[in-house]
Each structure stands twice: as C-alpha cells, then as structure tokens.
Amino acid sequence: MIKSPSLLRHLLHAFYSVAILALLFSAAGCAKTGGGQSAGTTGDYVTGKPLPERREGTSFFGSNVRHGQFQSIYFDFDSQTVRASETGKIEEIASAMKESSSEIIIAGFTDERGTGEYNRGLGDRRAGAVRESLISQGVGANRIQTVSFGLEMPAAAGHNETAWAKNRRAEIGAIR
C-alpha cells in the first residue's frame, strides 16, 4: 500500500502518460500510409485514387474476364515494387488501355513462403503497385480493379527459387 499522496499522484500521472502514448501510437499505426502500402487492405484508396466499385458479376476467373492478353508482371522476393525490367510490360498495358475503353482486373500472387494472411496482403500490395504504375501512365483509376490471391493458385509447382520466381507475380485480366 502506498502511504504518500504525492507518490500516488506521481504514479497515476506516469500511468496516464503511458496510456495516452499507447493510444497515440496505436492510432498512428492505423493511419493509411502513402505509396500504396495499404492498397486494398483498407479497400478504399491507392495514392488518393478511389478503387472503383466491383462490377457486378466480375471475378478474376469468371467467364467475363479474358486472360492472356497481357504478360504477367514479376516481383522480387518479399517486394511489391515493380522491377525496372517489368516497366515495358506496364507501358504496353497502358498503351492498349488508352486505345480502348476496356477495364481490367489485376490479381496479385505470391510464392508459398509466409503465412496466408501475410501473402494475401503482399499480393494485394503487388496488384496495387501495378495499378499505381498504370495510373501514372495515364490510365483512368476507375478502369482498374484489384484482387489478391496470395499464395493460392501458383503458376509453377515446386519448392525452389525457380518455381517461387514464377509465382511472385501480378496477372492482368481484361473485363468484357
């Protein structure tokens, strides 16, 4: 039992200060960071451009989405940064989209390493990074949807770097 009133006041003050700091840090951790780091995890924004409403009946693997028109974009391990070597693919997609009124859906994928939750987030950030690159090339943000499959549906079977490199990707589907 604390017998000194001044010591009690000091301890209560310290406790309240720690509690306030914990709340501030917690709120800061919930704030959206720039650069697409939270693309899709909040489901609302990528670099200030609102994600379009999901078109009714649109699914990346649905019959109204055509695959194979564009090459996959590949990523380094544990990265959502579009490689310099992949920018030509982005430019090709942007050019095709500027010549039409089509919409696309970008699916982000990862290799098998990491938890399911982490990989869904990473796949989401990869799809968001491709989306941001297309927007910076002049494609309308309202024409691009994103989805993440994480480690689901690998492009290559295997448990080695060759397979993993093929699975760290974003695929583009053209919505009909």
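Reply: For burial, buried means under 20% relative accessible area, exposed means over 50%, and partly exposed is in between (1.4 Å probe, protein chains only). This is a predicted model, where local features need pLDDT of at least 70, side-chain atom pairs need 80 or more, and totals for chains, interfaces and linings use all residues. Numbering starts from 1 along each chain as its sequence is written, and side-chain values use heavy atoms, without hydrogens or water.

Me: So is Arg 113 buried or partly exposed?

Reply: Partly exposed, at 28% relative accessibility.

Me: Which side chain meets Arg 113 at 2.7 Å?

Reply: Asp 111, in a salt bridge (Lys or Arg side-chain nitrogen within 4 Å of an Asp or Glu carboxyl oxygen). Asp 111 is buried, at 4%.

Me: And what about Glu 161?

Reply: Glu 161 also forms a salt bridge with Arg 113, at 3.9 Å from N to O. Arg 113 sits in the loop between strand S5 (103-109) and H3, while Glu 161 is in helix H4 (161-167), so this pair ties together parts 48 residues apart in sequence. Helices (H or I, at least four residues) and strands (E, at least two) are DSSP runs numbered from the N terminus. Glu 161 is partly exposed, at 41%.

Me: Which residues are linked in the network?

Reply: Asp 111, Arg 113, Glu 161 and Arg 168 are linked by salt bridges.

Me: Switching topic: what does Lys 89 pair with?

Reply: Glu 86, through a 2.8 Å salt bridge. Lys 89 is buried at 15%, and Glu 86 is buried at 6%.

Me: How many salt bridges in the whole structure?

Reply: The search finds 7.
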